[in-house]
Amino acid sequence: MPDEGTRVIITVLGYDQVGIIAAIASILADARINILDISQTILQGFFTMIMVVDMVESSLDTLQLSDILSSKGQEMNLSIMVQHEDIFKYMHRIG
Amino acid sequence: MSFGITKEEILETVTMVQVEKLDIRTITMGINIQDCRGNDGKATGIKIYDKIVKSASNLVKVGEDIEKEYGIPIINKRISVTPVSMIADGLNAEDMVTIGRYLDQAAAEVGVNFLGGFSALVHKGFTRGDLALIQAIPEVLASTARVCSSINVATTKAGINMDAVSQMGVIIKQSAEKTADRDGLACAKLVIFCNAAEDNPFMAGAFHGVGEPECTINVGVSGPGVVLNAVKKHPDMELGQLANVIKNTAFKITRTGELVARVASQRLGVPFGIVDLSLAPTPAIGDSVADILESMGLEKAGAHGTTACLAMLNDAVKKGGAMASSYVGGLSGAFIPVSEDQGMINAVKAGALSLEKLEAMTCVCSVGLDMIAIPGDTPAEIISAIIADEAAIGMINRKTTAVRIIPVPGKNVGDWVEFGGLLGHAPIMAVNRFSPARFIQRKGRIPAPIHSLNN
């Protein structure tokens, strides 16, 4: 069975603008979701941010978080994806 | 990053999903309905309906949850059942039609777009149930939206049942005529097989084989777009190395399928059956198997060299996929449906791809002549002969082959046909008009082939 871990990866793609991290971080803080790592890069000309967060004490489940962040994304004209860590572990490692 | 996966790997996954259209093509729940027999069509239909609704009520919800949690689109949630001719043996064609309608209602109730298993296995001969079911096919496919039918007319061990081949030519014509107002759509839901796979999750040919458990989850992965981009990055690479690139990519695609299959099976409390490694195109631009062949160096799919490219592609996909999943099965190969693959459509339009070349390609890839529209006035014997040729390829090469062909009423070469959605659109292809009628009218069985002296 897959190891149902508690980490989730949030990927943000779009044009750089003031307040992206702040907007997402405040949603996460409100839900008691801990940010473990943040990194930024440019992918095919787009601003790209990757966040690894821990959901262990979260008041939201992954589906709720995904809904909230994707509507925030629409508001800010960004594409925000929320994905459980296992998709990356499975794709890139034989566990 | 802090969990052992690099930033580059995360971005690669995100690119595969967002840009290259990686998706899970189908989660298919196989359900045994052998315990659903009633006294007549209605009683049997009600029992089957109840069992499907009970077993699959959560299927769509679980699929949608997985889709969101892992950020990977799951295009179809589907159901396959035990071949209906076995459950309903002894009933008549009218009863079979009734059962078909209950299957359609059950599929609608649980929210799946297709349900497979209105099927019969007749490679060595017919039971009375098989004959009744085959007789009911045109009416069932014309009057339902979701029911898919498949008939296995040949195997490597039994040979080819030419009585069935002859009959299926007529059934295909009748199915097309009954849906003449929809360009013969019924035929898009009917597959004629040689060596049918019992755990195939892909429609229209899915059914729940007799060796299968009570209930099982089979997953079909996809990803021609991902393979295409990987091949495009290496325009001049030597073929051995290119095979490695394809294997690597197929591995990643299949791992995604493995994860989805495991999570779905755990949440539904149903055993994990297999992951089907097929490269399955969709009508979306860039999601095409023909484009991969062209990126390997062909001007157009269908050019000389196509069969060799496809053989290498298919084999590399299997090698990479087999390492990524604990249970591989189903059809596992490249699908080349014409109407569902924009690159194939373009190749036909350009005059590069003929029915004969498609037939040659099926010697080395998975399915067969798939979603091919032909003139509506094509005689039943020619359709039967096309089925016989495909069955012969499957029988001799010990592989699955199939025919899903649509003689579109009132249309001719040069016309177009629009099926809509995942079934796509296609140009009508030319068929060799010389008559095989006397061969088809002989009927009987083509004996099983010898298994040594393999040349």
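1. A cavity, as the word is used here, is a set of grid points where a 1.4 Å probe fits but cannot get out. The structure, a predicted model, holds one such cavity of 30 Å³ or more. The volume of this largest cavity is about 40 Å³.

2. The lining of the largest cavity is formed by residues of chain B, namely Val221(B), Ser222(B), Ala250(B), Ile253(B), Thr254(B), Leu277(B), Ser278(B), Leu279(B) and Val317(B). By class, six of the lining residues are nonpolar and three are polar, while none is charged. Helix H9 of chain B, which spans residues 239-268, gives the most to this lining, contributing three residues.

3. Which residues of H2(A) are buried? They are Thr62(A), Leu63(A), Leu65(A), Ser66(A), Leu69(A), Gly73(A) and Met76(A). Because these residues cover an arc of only 150 degrees around the axis, they lie on the same side of H2(A). On the face turned away from this buried side, H2(A) carries the exposed residues Gln74(A) and Glu75(A).

4. The cover over the buried residues of H2(A) includes elements from chain A and chain B. From chain A come strand E1 (7-14), helix H1 (20-30) and strand E4 (78-84).

Note on methods
Residues numbered from 1 in each chain as written. Chains lettered and ligands numbered in written order. Predicted model: local features only at pLDDT ≥ 70, side-chain atom pairs only at ≥ 80, totals over all residues. Heavy atoms only, no water. 1 Å grid on protein atoms, 1.4 Å probe; cavity = no way out; pocket = protein on both sides within 12 Å on 5 of 7 lines; lining within 4 Å. Points joined across faces, edges and corners; volume = space filled by probe spheres on them. Helix = DSSP H or I, 4+ residues; strand = E, 2+ residues; numbered from the N terminus. Nonpolar A, V, L, I, M, F, W, Y, C, P; charged D, E, K, R; others polar. Buried < 20%, exposed > 50% of the residue type's maximum accessible area, 1.4 Å probe, protein only. Arc of directions from axis to C-beta. Contact = heavy atoms within 4.5 Å.
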